[in-house]
Amino acid sequence: MREKLVRFMQGRYGVDQLSRFMMIFGLIVLIIAAFFRRPAIVGNILYLIGLVIVVLGYVRAFSKNRAKRYAENQKYYQLTAGIRRRFGKEKYILEQRKDYRIFTCPQCKQKIRIPKGKGKIEISCPKCQTKFVKKA
Ligand SMILES: [Zn+2]
């Protein structure tokens, strides 16, 4: 059985980021579809869409046309670059929040990072030199 599976998977593309995204996204659509009662037609359409997305995700993983699947994944990467960068930035800001306070200059709106626990301090904007007092 194991041998058969290994032979079956030979030369096949395998799961990449796009396939994983399709499987998860399709599953989410299926779950939404399961909760969608009225109008029933919308739930049915959602169910069909979710199913198609999940199946296509698997079809990609079992595909033998590696070059084409690779190109699709690259395209997916390009298309989602902005979103991923944005999430990366949000994550960075969240991590910074633990140790720093972020203040906005009242004059030029420049964001200024001050280490936490400094008490009441006078901040001098590095961009426009405006001084303002904040508690960090
Ligand atoms: Zn400023």
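The points below cover the metal site, the salt bridges, a surface patch and some backbone details.

1. **Ground rules.** This is a predicted model, in which local features need pLDDT of at least 70 and side-chain atom pairs count only at pLDDT 80 or more, while totals for chains, interfaces and linings use all residues. Residues are numbered from 1 along each chain as its sequence is written, and side-chain values use heavy atoms, with hydrogens and water left out.

2. **The zinc site.** The zinc ion has the protein donors C105 (SG), C108 (SG), C125 (SG) and C128 (SG), at 2.2 to 2.3 Å. Donors here are N, O and S atoms within 2.8 Å of the metal (3.2 Å for Na, K and Ca); water is not among the atoms, so sites may look incomplete. The angles among the 4 donor atoms run from 108 to 112°, and the site is tetrahedral (four donors count as such if all angles lie between 85 and 135 degrees).

3. **How the zinc donors sit in the chain.** Along the chain, the donors of the zinc ion follow the spacing C-x2-C-x16-C-x2-C. C108 belongs to the loop between β1 (100-104) and β2 (111-115), and C125 to the loop between β3 (120-124) and β4 (131-135), so this pair ties together parts that are 17 residues apart in sequence. Strands (E, at least two residues) and helices (H or I, at least four residues) are DSSP runs, numbered from the N terminus.

4. **Buried or exposed: where does C125 fall?** C125 is buried, because its relative accessible area is 0%. C108 counts as partly exposed, at 26% relative accessibility. The cut-offs are under 20% relative accessible area for buried, over 50% for exposed, and partly exposed in between (1.4 Å probe, protein chains only).

5. How many salt bridges does a search of the whole structure find? The search gives 4 salt bridges, each defined as a side-chain nitrogen of Lys or Arg within 4 Å of a carboxyl oxygen of Asp or Glu. D16, R60, R69 and E72 are linked in a network of these bridges. D16 lies in the loop between α1 and α2 while R60 lies in helix α3, so the pair ties together parts 44 residues apart in sequence. D16 and R60 are both buried.

6. **R69 and its neighbours.** R69 is part of helix α4 (residues 66-79), and it counts as buried because its relative accessibility is 13%. Its salt bridge to E72 has closest N and O atoms 2.9 Å apart; the two residues are 3 apart in helix α4, about one turn of the helix. E72 is partly exposed, at 28% relative accessibility. Not counting residues up to four places away in sequence, R69 touches Y13, D16, R60 and S63 (contact means heavy atoms within 4.5 Å).

7. R7 and E3 are exposed.

8. **A nonpolar surface patch.** Y47, L48, L51, V52, V55, L56 and V59 make up a nonpolar patch on the surface, with about 620 Å² of accessible area together. Patches take residues with over 30% relative accessible area and no salt bridge, joining nonpolar side chains (Val, Leu, Ile, Met, Phe, Trp, Tyr) within 5 Å and like charges within 9 Å; areas come from the Shrake-Rupley method with a 1.4 Å probe, and for residues only the protein chains shown count as cover. V59 is in helix α3 (residues 40-61), and V52 is found in helix α3 too. V59 is partly exposed at 46% relative accessibility, and V52 is partly exposed with a relative accessible area of 46%.

9. **Backbone details worth a look.** Most residues other than glycine have a negative phi, and most peptide bonds are trans. The peptide bond from R38 to P39 is cis, with omega near -5°, and P39 sits in the loop between α2 (17-35) and α3. K109, although not a glycine, has a positive phi of about 65°; K109 is in the loop between β1 and β2 and counts as exposed at 56% relative accessibility. Q129, in the loop between β3 and β4, has a positive phi near 70° and is likewise a residue other than glycine.

Note on methods
Four donors count as tetrahedral if all angles lie between 85 and 135 degrees; four count as square planar and six as octahedral if opposite donors are over 155 degrees apart and all others between 65 and 115; anything else is irregular.
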